[in-house]
Amino acid sequence: MRHRTIIEPFRIKSVEPIGLSTEVERVELLKDAHYNPFLLRSKDVIIDLMTDSGTSAMSAHQWAGIMEGDEAYAGSRSWLRMENEVQDLTGMQHVLPTHQGRAAERIIYGHLGGPGKIFISNTHFDTTRANIEFSGATAIDIPIPEGQDTALQHPFKGNMDVGELDRLLKEHKGHVGAVILTVTNNSGGGQPVSMANAEGVAAICKRHGVILMLDCCRIAENSWFVKHREEGMEGLTYREIAQRMFALADGAVMSAKKDAFANIGGFLSFRNEALAEACTNLLIITEGFTTYGGLAGRDMEAIAIGLEEVFDPHYLNYRIRSTTFLGEQLHKLGVPLMLPIGGHAVYIDAKKLYPHIPPAQYPGQALVSELFRLGGIRSVEIGSVMFGTYAEDGSLKPSRMELVRLAIPRRVYTQSHIEYVAETFEGIMAEREQVKGMRIVKEPKFLRHFTAHFDTLP
Amino acid sequence: MTEQHISWAEPYKIKMVEPLFMTTREQRVKAMEEAGYNTFLLKSEEVYIDLLTDSGTSAMSDRQWAGMMLGDEAYAGSRNFYNLEAAIQKYYGYKHVIPTHQGRGAENLISRILIKPGDIVPGNMYFTTTKLHQEMAGGTFVDIIVDEAHDANSMFPFKGNVDLKKLEAVIKEHGAKKIPYVSIATTVNMAGGQPMSLANLKAVRELTAKYGIRIIHDMTRVAENAYMIKLLEEGQSERSTADIVKELCSLTDGATMSAKKDALVNIGGFLALNEWDVFEEARNQVVIFEGLHTYGGLAGRDMEAMAIGISESVDEDHIRARVGQVFYLGKKLMDAGIPMVKPIGTHGVFLDAKAFLPHVPQLAFPAQTLAAELYLDAGVRTMERGIVSAGRDKETGDHCYPDLELVRLTVPRRVYTQAHMDVIAESVERVYKRRNEIKGLRMTYEPKYLRFFQAKFEKL
């Protein structure tokens with residue numbers, strides 16, 4: 001018979017206890033953490049949906065790889081294994097390991113960036129934007145207009161606006177550092193990018209002689225959507241779809257903490273030797289020698305194995321289906337969501353949930369606090385706290401959207417955990433009208449969401 | 001055990017092993033040619049005994065492996081971070097902690113935050129990555145180590161010491177305002193793993209306090225340094241190594257640590273600070289370069305392993321066996337009349353390639369040549385620390401000509417046995433016997449920066 005239920009294609013081999021807390025305790029914990037989930041202690045969190053980055057459960061096979069790590073400083077066999085795997089997947093010959101994705105970004109965008117340079121993306125993620133701006137360059141987001149409307153159904157909301165891309169490349173001729181296509185589009189709601197869109201972007205970049213970088217940290221999840229939503233792609237395997245997309249790019253940057261199931265690690269890969277060589281110097285100075293890049297040998301082993309495991313069709317089915325399951329539960333409760341549900345996370349539209357809270361009072365941050373207070377659930381704001389800037393008169397220039405992300409760690413939580421999360425939203429919906437906005441008490445210059453202090457408004 | 005036995009026997013037994021690769025001379029000749037006579041370019045599986053570095057190559061204890069299983073991989077507020085912070089406060093005494101993926105991550109942060117273009121950073125000898133980070137931030141490194149450090153044959157016990165006259169002269173020449181901090185390493189790697197004395201650090205503290213200058217401590221081998229103080233410095237023999245470690249740290253204002261050495265881990269480091277303002281700035285910047293300030297680019301499990309490793313590193317029996325094994329190898333070579341840096345360093349034996357191969361001129365790379373020969377003889381991998389490592393002068397473009405041409409035989413912690421040490425000593429002696437037949441090298445490929453990592457050579 002055909003089953004409706006998609007079960008996990010694995011069973012549990014090692015468990016980690018969850019610390020439980022009461023609402024009264026959590027009110028105090030929130031206050032102590034200045035209403036910033038990044039400042040909460042992990043032991044005080046019941047369900048941690050802050051990120052799917054580095055939080056995966058590794059497989060027994062990966063743990064065995066951990067035990068086999070070759071910790072030699074130079075020429076480690078774990079490195080050779082990872083290099084081989086990345087070359088095979090990306091089709092790019094030159095691979096530089098890094099301790100995680102943002103280090104890879106810092107190296108390549110530091111090299112291509114600098115004052116006066118422009119970077120264009122479907123949507124830059126927080127650390128990507130920070131690295132580009134830190135170099136003195138400017139980051140421009142050009143998602144398709146459909147990507148801006150959370151309620152609209154569209155199969156590839158992560159796509160880049162190719163008309164706008166062409167226009168920008170003409171306008172900024174000679175000043176473009178790179179075009180970055182992020183698959184899936186994280187800040188835009190974990191929405192996929194179609195092969196046709198990637199091909200269009202690649203063709204325009206080629207015509208203008210501009211480097212196309214693929215930010216591929218969730219490329220396996222993106223491949224699932226391409227296979228099931230894009231015409232002509234159903235006959236290809238997930239891995240073949242990923243390889244076809246890699247073939248369009250000049251280079252790739254990966255945080256292996258996502259689709260490679262690793263707890264730490266990343267890489268840069270290039271087709272062009274000169275570009276790889278230019279990055280090598282900074283790699284050695286700031287990360288580590290070319291055959292370990294600031295990673296333990298064992299972690300390179302785990303990445304190599306993870307990159308193979310992630311393309312298992314049973315796993316990808318389970319992964320996408322279980323994320324959708326949470327989305328469906330919340331949708332039934334009437335929670336305003338980013339639709340359709342993305343690959344790694346469910347995004348809640350806080351602007352619609354709390355229409356009485358203006359963006360300058362950070363409705364997303366208010367929801368993040370409420371989720372922790374009511375359920376001990378840790379989430380993250382992707383809105384004006386993360387991406388807002390100040391105008392010259394000191395007023396907030398808000399982000400396009402006020403989202404809260406419930407990112408699902410890979411292979412970690414069970415269906416009953418997810419049902420607990422949905423149940424918490426019943427409370428959120430019941431109390432939505434009483435929730436107050438927030439203000440920022442203290443913030444650093446870059447990436448303020450990580451360390452800023454907040455307070456509730458009266 | 002410490003009292004009754006002269007032997008340095010290991011205070012542990014072996015719980016997990018890793019097979020070694022045995023090669024024939026023919027295979028090694030081919031591998032060395034392919035690697036362009038640069039030991040960095042050899043594959044690990046072509047190496048029998050790997051003495052390239054003691055960094056990240058330690059065997060972890062069963063407790064550390066157990067800690068690995070307790071990794072809390074939460075992005076923010078991981079339990080392991082708080083354990084690490086507590087261990088650093090307890091054993092080193094610094095107030096504020098920022099984890100980094102390894103030592104150079106911490107160097108990057110502190111250099112960016114404290115150094116302004118045109119600043120001067122005095123230090124007890126340069127280290128490759130430390131100096132580069134200082135230069136990238138616009139600073140200039142000035143060597144203030146005692147002269148004995150540059151003389152391979154001097155038996156001075158504390159060759160890592162600062163020459164206080166040199167330091168004061170630098171301060172007087174440039175003014176205290178131009179000096180964001182004095183960079184102090186315990187032990188000094190480039191001098192051959194040589195310690196500094198407690199009395200000397202105290203004097204440096206007094207002098208810098210007088211001018212209001214910080215000391216930033218490169219503390220990667222502080223336990224080894226403290227143990228040498230216990231062995232050699234007057235009035236220190238009754239103290240515990242742990243106690244001396246804490247006093248050394250207390251004389252400084254902050255520290256960068258590559259935990260891949262003393263702290264017995266395969267990856268990890270940290271920046272420790274006593275000043276709140278500097279800490280706060282570092283905490284804001286670490287998220288851009290490394291990761292959020294409660295993981296700094298490390299897996300949770302690696303912070304746990306580091307916390308446990310720190311406590312093990314100052315254990316008296318451990319440190320005695322660690323340095324004892326290095327001395328065992330050093331003494332064997334010294335007894336055989338092999339030219340080397342004296343006294344023996346704490347983390348390795350540094351062969352004096354200039355005296356070993358006096359017929360090979362510096363421009364034929366005697367240390368690089370010797371490292372290649374050692375590999376060819378028995379598959380032992382070592383590292384050049386001479387003219388190749390020193391690189392080129394920024395201004396003239398000519399090579400820098402260091403006084404020392406060294407080959408570093410660094411001993412990983414808790415990895416190799418006495419029998420391995422014997423094989424190494426035999427091989428060095430064999431190469432020494434036929435030293436007159438050995439010819440130098442010619443550089444065929446030279447990268448622009450840190451050339452020692454990737455340069456290629458061929459035989460003359």
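Is B:Leu264 buried or exposed, and how many other C-beta atoms lie within 10 Å? B:Leu264 is buried, with 25 other C-beta atoms within 10 Å; a residue counts as buried if 20 or more other C-beta atoms lie within 10 Å of its own, as exposed if 12 or fewer do, and as partly exposed in between, with C-beta atoms placed from the backbone.

## Model and confidence

This is a predicted model, in which local features need pLDDT of at least 70 and side-chain atom pairs count only at pLDDT 80 or more, while totals for chains, interfaces and linings use all residues. Residues are numbered from 1 along each chain as its sequence is written, and chains are lettered from A and ligands numbered from 1 in the order in which they are written.

The model scores ipTM 0.89 and pTM 0.93. For chain B the mean pLDDT is 95, and 99% of its residues reach 70 or more; pLDDT is the predictor's confidence in each residue, from 0 to 100.

## Contact between the chains

Chain A contributes 44 residues to the contact and chain B contributes 43. Two residues are in contact if their C-beta atoms, placed from the backbone, lie within 7 Å. On the side of chain A that touches chain B, the elements giving two or more residues are helix 3 (77-90), helix 5 (126-134) and helix 10 (273-286) of chain A. Helix 10 of chain A gives the most, with 4 residues. Helices (H or I, at least four residues) and strands (E, at least two) are DSSP runs, numbered from the N terminus.

By residue class, this side of chain A divides into 20 nonpolar, 17 polar and 7 charged. Ala, Val, Leu, Ile, Met, Phe, Trp, Tyr, Cys and Pro count as nonpolar, Asp, Glu, Lys and Arg as charged, and the others, Gly among them, as polar.

## Helices of chain A

Helix 5 of chain A is mostly covered, with 7 of its 9 residues buried. These include A:Asp126, A:Arg129 and A:Ile132. Just after helix 5 of chain A, A:Gly136 takes a positive phi of about 100°.

The axes of helix 8 (residues 219-229) and helix 12 (residues 313-332) of chain A come within 10 Å and cross at roughly 85°. The two helices are therefore roughly perpendicular to each other, a class that covers 65 to 115 degrees, whereas angles under 35 count as roughly parallel, over 145 as roughly antiparallel and the rest as oblique. Axes are lines fitted to C-alpha atoms, for helices over the stretch in contact, and angles run from 0 to 180 degrees between N-to-C directions. A:Ala220, A:Glu221 and A:Trp224 of helix 8 meet A:Leu316, A:Arg319 and A:Ile320 of helix 12. The residues of this contact divide into 4 nonpolar, no polar and 2 charged.

## Nonpolar core

The largest nonpolar core has 286 residues, and A:Val179, A:Leu181 and B:Ala272 are among those with the most contacts inside it. Leaving aside neighbours within four places in sequence, B:Ala272 is in contact with residues including B:Ile88, B:Tyr94 and B:Met257. A nonpolar core is a set of buried Ala, Val, Leu, Ile, Met, Phe, Trp, Tyr and Cys residues joined through C-beta atoms within 7 Å.

## Backbone exceptions

Most residues other than glycine have a negative phi, and most peptide bonds are trans. B:Leu264, in the loop between strand 7 (254-258) and strand 8 (269-273) of chain B, has a positive phi of about 65°. A:Tyr362 has a positive phi of about 50° and is buried, with 29 other C-beta atoms within 10 Å.

The peptide bond from A:Leu339 to A:Pro340 is cis, with omega near -10°. The bond from B:Thr186 to B:Thr187 is also cis, with omega near -25°.
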